[in-house]
Amino acid sequence: MIRINLLPREQLRRPGIPPRTLVLLLVGVVAAAAVLTTILFNARNARVRGEIARIDERIEALKPQVARVEALRTQIEAAKRKQQLLQRLEAARVPWDTILEDVRTVMPKDVWLTQVAAGEDGSINILGFGLTYTAVARFMVNLEGSPLFSDIDMVVSQKQPFGGREVVNFSLVGRLTVQRKEAVLR
């Protein structure tokens, strides 16, 4: 028997792809995608491992330099501590050269000193001898007139024998007006 298809060409039935072929094709595409993804991830992981290895080599190469920098940093910190200590010591320093020069210029010829001491609070103690009470009084007045001293007071003055002669033993207290250098801490 002869078959004639009278349907228009647009409606002709084309033979379909069997479902088993579609499933196999889909499984093949998914498997190929998984293999391709695995290959790409493995390549990326290998590249990252290579970068890590290069960075590790660079770190190892820089370790001696880092050790030198740390040693220098330690030395710098020690030098800063020393500098601060020196600045504090300099700030606490009493300018004895200026004080003694001024005492020498205001001291009468008939007065001599046995001790000059300064306290941390700016006080000064002066011990000495004079040939007369007048000489000791002149010394006190001269000290008061000096810009380096203020509030000069007599603590003790008494006559005592010294080398076959009577002299006046005295003790004075006062304040230093000399400004100590301010410590500059950086």
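Residues are termed buried when their relative accessible area is under 20% and exposed when it is over 50%, with partly exposed in between (1.4 Å probe, protein chains only). Helices (H or I, at least four residues) and strands (E, at least two) are DSSP runs, numbered from the N terminus. The structure is a predicted model, in which local features need pLDDT of at least 70 and side-chain atom pairs count only at pLDDT 80 or more, whereas totals for chains, interfaces and linings use all residues. Residues are numbered from 1 along each chain as its sequence is written, and side-chain values use heavy atoms, without hydrogens and water.

Helix α2 spans residues 96-106, and its residues I99, D102, V103 and V106 are buried. These residues lie on the same side of α2 because they cover an arc of only 100 degrees around the axis, the arc being that of the directions from the helix axis to the C-beta atoms. The exposed residues D97 and R104 are carried on the face turned away from the buried side of α2. Cover for the buried residues of α2 comes from elements including β1 (111-118), β2 (123-130), α3 (133-145), β3 (149-162) and β4 (165-176).

A nonpolar core is a set of buried Ala, Val, Leu, Ile, Met, Phe, Trp, Tyr and Cys residues joined through side-chain atoms within 4.5 Å. The largest such core has 19 residues, and those with the most contacts inside it are I99, I126, F139, L143, F149, F170 and L172. Two or more residues each are given to this core by α2, β2, α3, β3 and β4, with α3 giving the most, 5 residues. Beyond its neighbours within four places in sequence, F149 is in contact (heavy atoms within 4.5 Å) with residues including I99, D102, V103 and L143.
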